[in-house]
Amino acid sequence: MTIRLYNTLTRQKDALVPGDPNRVTMYVCGPTVYGRAHIGNARPAVVFDVLRRLLRHEYCADHVVYARNITDIDDKIIAKAAAEAVPIETITQRFEDFYLADMGALGVQPPDIAPHATTSIPAMVAMIAGLIDKGHAYAKDGHVLFDVAAFPDYGRLSRRPLDEMIAGARVEVAPYKRGPADFVLWKPSSDEQPGWDSPWGRGRPGWHIECSAMIAESFGETVDIHGGGLDLQFPHHENELAQSACAHGGAPLARIWMHNGFLSMGSTKMSKSLGNVVGVDDLLAAGWSGDVLRLALLSAHYRQPLEWTDELLEQIRARLERWQRRIGAFEPGTRAPPHPALVAALADDLNTPAALAALAETESDVATLLGSLAFLGLPGFGPGAASAPAETTAIVAIGGDSRDMADWIAARADARKRKDFAESDRIRDELAAKGIVLEDGPGGTTWRRA
């Protein structure tokens, strides 16, 4: 099976051709840990978790290596630590733990490698020194900056004019910069700020150098897939591409660049800076299950925008409840492999809407349905979870006659077989009056509480 993924660099779907099929590598930009993750932050975590599952299906789990970094040094982290009068490690560990718990509730598996910026400082210093030696960076006033003019291909990923990129990024104007687009690789730290020794004085890294150095540490010069949110395309990934190519003699940082689209609330992109966010923890506390949240995030194609509404969540919950009723008391351990059409849809640039459409056509095949839901990573449908969530038995009294729901369904089916539709309707209506809804489908009649 050929996996084809939309490559932001080439603007087309490219076949995934790993540099080494025995070690397929993927690096995704992870969180900056200074606050709780909102549901928009969860979209790349879920999307690339699905891709990782697909890669393992195709190449074998032992041949896939997935890294997702933790940015644990940042001005916002420093400010929060100062406000609480605690070391930055107190802040970063707290919110990394929250992040892992929130993503775990959505069925996101931990990465194989979780590099942290603060433990990769030596690699960053070495890469910066190499860029200076090669004439692609310069030191000034305790800062080190990448010289954008020394890299003619700058802008390949974004494909926008340099002046437009500069305006869009609201770049800092500073006396130590040669050009307005030059970006910081290293900056000085005051006595009150965290810092590390370097050839340019005590300081800390700029954001962009972190991922380039951590990719080189984890995988070497080139990674097969590099992913993240659309907001990272410029300037973060553009800068990563430039500095890594210059550091490694022109070697590409990634064979395929992938970017997921934004979540919105109304007409506005979900953003902490705008204040229009809803936390994963808040959604879970409000009673939305991890299955509902994960499937809602997968309901639109990952490259397309997704409007986040209660109506969407209600639709997803109803769909999941219908599937759960189909599964009923299905015997765990006998699930089938995922539906081939679902796998084929995911192999076509993670086309999750097509994958979910394939599921709708296999609802009567419970073993395949369960295997497919587990393949998508829904936490409530994983191994050992087949029979637990469904309510399959209940004693209900109608007209003084108490029967198990299975017996009422059988009695109604018998009435319909005898064409006694008045009795069939009576059973249905009296059950409805007691909050029991019957649903007829290709696989028979199921029930749920209203």
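**From a loop to a pair of rings**

Val86 lies in the loop between α2 (75–84) and α3; helices are DSSP runs of H or I with at least four residues, numbered from the N terminus. This is a predicted model, in which local features need pLDDT of at least 70, side-chain atom pairs count only at pLDDT 80 or more, and totals for chains, interfaces and linings use all residues. Residues are numbered from 1 along each chain as its sequence is written, and side-chain values use heavy atoms, with hydrogens and water left out.

Val86 has a relative accessibility of 26%, so Val86 counts as partly exposed (buried means under 20% relative accessible area, exposed over 50%, partly exposed in between, with a 1.4 Å probe and protein chains only). Beyond its neighbours within four places in sequence, Val86 is in contact with Ala81 and Ile91, where contact means heavy atoms within 4.5 Å.

Helix α3 covers residues 88–105 and holds Phe95 and Phe98, which are 3 residues apart and therefore separated by about one helical turn. Phe95 is buried, at 9% relative accessible area, while Phe98 is partly exposed, at 32%.

The structure holds 3 aromatic pairs. In one of them, the ring centres of Phe95 and Phe98 are 5.8 Å apart and the planes are at 55 degrees, so the pair is tilted. Rings of Phe, Tyr and Trp (its six-membered ring) pair if their centres lie within 6.5 Å; planes under 30 degrees apart count as stacked, over 60 as edge-to-face and the rest as tilted.

Phe98 also has Arg36 over its face, at 3.8 Å from the ring centre. A charge sits over a ring if NZ of Lys or CZ of Arg is within 6 Å of the ring centre and within 35 degrees of the ring normal.

Notes: Helix = DSSP H or I, 4+ residues; strand = E, 2+ residues; numbered from the N terminus.
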